[in-house]
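Look at the structure shown below.

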Amino acid sequence: MAEILETNVVVLGGGPAGYSAAFRAADLDLDVVLVERYPTLGGVCLNVGCIPSKALLQSTHHYHDAKHHFAEHGIVIDGDVSMDVEKMQATKSKSVEGLTGGIEYLLKKYGVDYVKGKGKITGPNGVEVALN
């Protein structure tokens, strides 16, 4: 049996446009439900695109500097400099988790209800959500 919820605004998608729209609607004292089909908020850039890529690039830049530029600054490394790719991945994941968690925190702060599922517009005033 389907559950019917009454709300003023339903936002489909928890990426930057979606959560910004949800925050604005909440600022206008509207009841807001945000529906996100993926496991985490933040969209493509935050979860698998820009942010993870930049976190890994930062780690590789540190590695490159240690191998090639530290000596210019009087920093001498005795022995080989190596990469721990597993640790780099963990650092990247920690950055992403912190940011996605921050969005979830803001949803709560703004009083936006958050539903994990795939939303579909069914009419001018209807949205159906298949819960994850």
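**Residue A21**

A21 has a relative accessibility of 38%, so this residue counts as partly exposed (buried is under 20% relative accessible area, exposed over 50%, and partly exposed in between, with a 1.4 Å probe and protein chains only). The model is predicted: local features need pLDDT of at least 70, side-chain atom pairs count only at pLDDT 80 or more, and totals for chains, interfaces and linings use all residues. Residues are numbered from 1 along each chain as its sequence is written, and side-chain values use heavy atoms, with hydrogens and water left out.

- A21 is part of helix α1, residues 16-27 (helices are DSSP runs of H or I with at least four residues, strands are runs of E with at least two, and both are numbered from the N terminus).
- Ten residues separate A21 from V11 along the chain, and their C-alpha atoms are 7.3 Å apart.

**Helix α3**

- Helix α3 covers residues 50-68.
- The buried residues of α3 are P52, A55, S59 and A66.
- Seen down the axis of α3, these buried residues fall within an arc of 70°, so they line one face of the helix (the arc is that of the directions from the helix axis to the C-beta atoms).

**Largest pocket**

- The lining of the largest pocket divides into 14 nonpolar, five polar and three charged residues (Ala, Val, Leu, Ile, Met, Phe, Trp, Tyr, Cys and Pro count as nonpolar, Asp, Glu, Lys and Arg as charged, and the others, Gly among them, as polar).
- Strand β4 gives the largest share of this lining, five residues.

Conventions
Expected span 1.5 Å × (residues − 1).
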